[in-house]
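Here's a quick briefing to read with the model open beside you. Have a look at the chain, then we'll go through the strands and the charged pairs.

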Amino acid sequence: MVGSAAAESVVAFDHRLEPHVRVHHAIAGRTRLRLPPLRGRDDLLGALARRIAARDGVVDVRENAASAALLVEHDPAIGPEAIAALARDLWRGGLTAPAAQATGGAEPWHALPAERACRTLSADNGLTDATARERLESVGENRLPERAPPSILTVIAGQLKSAPVALLAGSAALSLATGGIADAALTLGVIALNTGIGASTERWTTNLIRRLTRQTDPDATVLRKGAELQVPTSRVAPGDWIVLKAGDAVPADARLLRADALMIDESSLTGESFPVAKDHHAILPETIALAERRTMVYRGSVVTNGAGVAVVTATGAATEIGQVRALLDTAQPPQPPMEAALDRLGVRLTIACLGASSALAVMLLLRGQPLMAVARSAIALAVSAIPEGLPALAASTKAMAARAMSREGAYLRNVNVLETAANIDVLCLDKTGTLTQNRMQAAVVQTFGRRYDIEPGRTAAGARLIAKIAALCNDAEPADGQNAHGTGTELALLELAAAAGLDVRALRAAHPRHSALLRSATRLYMATQHGAGDTTLVAVKGAPHQVLDLCATMLSGGRVTPLDDDARAAILVQNESLAQEGLRVLGVARGRNVSLSDRDPADLEWLGLVGLRDPLRPGAGKAVKTLQGAGLRTIILTGDQAGTARRLAEDLGLSRDGALDVVDATQLRSLAPDELTATVRTTEVFARVSAADKLTIIRALQADGHVVAMTGDGVNDGPALRAADVGVAMGKSGADVARDVADIVIADDDLTSLVTALARGRAADENLRRAVRFLLATNASEVALLMAEGVQGPHALETPAQLFWLNLMTDVFPAMGLAMARPAADILQRRPRHAGEAPFGRREMGSIAFDALRIAAPAIITHLIGAARYGHGPRARGLTFLTLATRQLAHALQLRPNRPAKELLDRQIELGVGAGYALLTAPFALPSLRRILRIASPRPLEAAAIIGLSFAPLALQVLNRRAVTDVP
């Protein structure tokens with residue numbers, strides 16, 4: 001527990017202030033709130049901002065403690081007063097600073113009996129609201145530690161730690177030594193400007209990533225005063241009793257009090273791939289490893305099966321995962337591959353620059369030039385070769401792409417995943433909730449002798465007995481007004497019962513449930529035991545092949561008969577026939593006057609099959625075609641049977657050659673590694689997959705050299721989403737675990753948004769390469785010009801000041817414009833880039849060298865003409881300067897993404913080039929700047945000719961694209 005000072009501060013704050021929130025300004029989708037009592041309280045304002053951001057309909061929240069304001073971006077359908085009311089309600093619920101976290105419990109909670117744990121925590125019956133609030137005021141909100149952003153001084157220091165900056169600093173020192181005070185001042189000014197731009201870009205990027213990856217605050221279920229209550233996870237306190245159900249994320253570390261077939265996925269904490277069975281009665285030694293503590297549940301894990309109740313032992317930073325995350329403050333993350341490649345490129349450029357400067361110096365010395373003139377010439381070449389905008393380019397490009405994706409409904413947990421997204425070549429698609437609407441409806445009931453087609457709005461009296469058993473063996477709650485709770489499958493079975501004329505509530509009251517066997521990874525059915533007077537009834541539903549194995553008799557024509565081999569074969573044919581129609585098929589059976597035990601039930605009575613339909617999502621087929629056109633191999637992973645899976649794949653048009661390879665995933669478990677690899681290379685559909693099977697398939701694909709993406713929305717998708725190179729979760733209907741472990745979250749569950757995200761990922765990668773290509777080509781063109789001018793002597797060279805100004809024009813604004821360009825029209829019509837391909841290989845560097853010569857050639861020719869006409873002086877330098885600058889800016893326009901002529905304009909590129917032209921005109925408009933650069937303005941006709949000719953290649957490119965577009 002923390003000291004009383006922190007607690008008194010929070011208590012005093014809460015007691016003296018009533019929520020005071022007003023709408024300061026609002027437009028559709030954006031509301032700015034003022035909260036005067038929170039001025040200067042960035043801890044409390046931040047806590048409120050995070051809780052508002054976690055609410056439905058809220059896109060983003062930004063806080064400003066200095067002005068006590070919150071800027072809320074939200075669904076335009078939500079009014080500003082509703083946002084203000086939400087802020088007031090959350091404030092009244094209590095604001096607690098997260099900084100005063102307990103530092104961890106010394107008690108070995110896993111080894112204590114449950115009763116003793118409750119006594120130690122003074123929580124024999126859970127907590128009251130008042131007690132929970134007191135404890136929150138003492139230990140802080142239940143939030144994980146967040147790594148503090150680097151200080152501005154650290155960011156600035158990082159910008160100065162690069163080889164190009166070191167070379168510029170060296171050239172400034174050399175300028176001072178040779179008497180070039182103006183050149184030295186300009187060099188240092190460029191370093192300062194570049195550092196300022198880079199630092200501000202990095203700070204903006206860091207803040208953007210923090211907003212995009214802001215911790216969510218989902219509701220947790222707690223027991224207070226004996227009743228279940230939904231509270232935000234941040235308001236769960238030590239001693240709270242938490243209720244655990246399948247699909248729930250565990251909100252805090254806790255000692256189990258009850259566990260019923262409870263399975264927990266702890267992979268995020270322990271690295272174990274498979275869910276762990278929990279036992280609240282287990283007696284464990286204090287020294288047992290974390291992964292073997294069966295009596296505990298930990299924050300960051302997920303309930304995959306069963307149910308339980310646990311008492312919270314640690315929250316926030318005191319949790320196991322909180323202590324792990326605290327280590328992030330002392331550990332540096334690995335540098336992203338592209339940024340590492342650019343750093344290596346910067347070093348190579350610096351070495352090449354020194355080599356070129358040395359070559360120029362040797363050439364001038366051999367011509368007998370004075371040492372001071374040689375030094376100034378070497379400085380000029382060094383300045384020309386350094387692309388000042390290179391260090392900040394990668395981070396800012398990815399951050400802007402992430403921001404654009406968030407506006408389109410796709411949220412990144414880490415911007416570096418964009419690099420991987422450009423290389424994805426296999427996409428594993430989970431069926432339910434991704435390809436389909438996850439809105440099941442009963443379509444067919446098949447008894448042994450008769451089929452009943454279920455029509456919406458019509459009665460299904462013939463299916464009454466099967467509907468009765470399916471409604472009893474069911475955890476869904478009937479609709480109460482608009483509130484129905486349960487899985488899509490179980491809700492569909494309740495709708496079937498209602499269509500059959502059954503009152504589900506009355507049915508359950510007449511047959512109360514006594515016990516249950518829950519579905520698991522190996523037990524693909526659910527069984528429940530019910531009382532009915534002096535008799536017992538066991539109801540079973542699940543995978544037909546497993547349910548059928550439990551049966552010894554069947555109901556046929558109103559009579560119970562033995563279930564012989566012929567009857568079993570006929571039932572399996574019925575099952576396959578329904579599956580071929582694209583239905584999800586469940587087997588239904590009952591046992592009378594039998595009871596459940598820990599083993600599987602036996603000697604049951606087979607009743608029949610229920611076929612359920614989950615309609616395809618609108619546009620799913622088109623999205624799959626687009627993904628295939630982008631060079632991605634698409635694979636369906638589904639728990640349905642092979643026939644159902646095949647029909648789904650056919651409806652999607654998954655096969656390209658008319659044939660479909662469908663494999664039952666149960667066959668994979670007996671395959672040798674080489675056989676498994678051969679199977680995953682050719683199979684389009686895997687049926688009857690479990691969570692473990694999905695993991696096996698993804699790892700086999702990765703071992704075969706593929707970059708794999710996985711989509712999913714369910715609890716059983718969690719391990720596979722984590723293992724995939726890029727995990728994509730459905731954010732609207734998906735389980736918390738799927739959203740928490742995914743790299744990309746699709747807000748609207750629309751597969752089309754995945755297509756958009758893929759296009760953005762590829763575009764970010766392509767734009768970054770394009771911007772780097774532009775920087776290298778333009779700087780290399782300056783080196784080529786200086787080497788050509790050096791043949792004539794140092795008096796013919798451009799000055800360092802001119803080259804600084806050129807780099808200021810081209811290394812910042814046009815390069816950033818190229819980095820922010822819209823995706824190319826054919827971005828999704830190309831094959832993905834191979835993951836092992838070097839970002840800037842020999843072939844690409846050769847192409848850049850050719851671009852540099854094409855840019856430099858007109859400037860060299862202009863220099864020769866100007867020198868012949870005006871001699872080596874300001875006028876010749878002015879003509880050369882203008883020619884090189886206009887060719888560089890025109891080259892930026894030539895590098896724009898490939899799009900039809902009518903869509904050629906790109907606002908970001910045009911703005912970047914426009915800013916470059918503004919900087920180009922400044923020296924010719926300002927005499928003092930012309931004197932610093934030592935240039936003279938060209939005559940109007942000369943300027944017009946130079947600018948017109950610089951755009952000639954661009955005009956030819958546009959005409960060529962238009963001609964290609966117009967070809968019928």
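Which side chain meets that of Arg513 in a salt bridge? That would be Asp475, at 2.9 Å, N to O. A salt bridge here is a side-chain nitrogen of Lys or Arg within 4 Å of a carboxyl oxygen of Asp or Glu.

Keep in mind that this is a predicted model: local features need pLDDT of at least 70, side-chain atom pairs count only at pLDDT 80 or more, and totals for chains, interfaces and linings use all residues. Residues are numbered from 1 along each chain as its sequence is written, and side-chain values use heavy atoms, with hydrogens and water left out.

**Overall picture**
- The protein has 35 helices and 30 strands; these are DSSP runs numbered from the N terminus, helices being H or I with at least four residues and strands E with at least two.
- Of its 968 residues, 53% count as buried (buried is under 20% relative accessible area, exposed is over 50%, partly exposed is in between, with a 1.4 Å probe and protein chains only).

**Around strand β19**
- Strand β19 (residues 525–532) is mostly covered, with seven of its eight residues buried.
- On one side, β19 runs antiparallel to β18 (residues 513–517), joined by four bridges (strands pair if DSSP finds at least two bridges between them).
- Arg513 turns up again here, with His530 in β19 as its bridge partner.
- β19 also runs antiparallel to β20 (residues 535–542), this time with eight bridges, and Gly531 has Thr536 in β20 as its bridge partner.
- Two residues sit between the strands in the β19–β20 hairpin, where Gly533 takes a positive phi near 70°.

**Salt bridges**
- The count comes to 29.
- The Arg513–Asp475 salt bridge links distant parts of the chain: Arg513 is in β18, while Asp475 is in the loop between α16 (464–472) and β16 (477–480), 38 residues apart.
- Both ends are partly exposed, Arg513 at 35% relative accessible area and Asp475 at 41%.
- Asp693 and Arg669 form another salt bridge, their closest N and O atoms being 2.7 Å apart.
- That pair joins helix α24 (residues 691–703), which holds Asp693, to the loop between β26 (662–664) and α23 (673–682), which holds Arg669.
- Asp693 is buried at 4% relative accessible area, whereas Arg669 is exposed at 52%.
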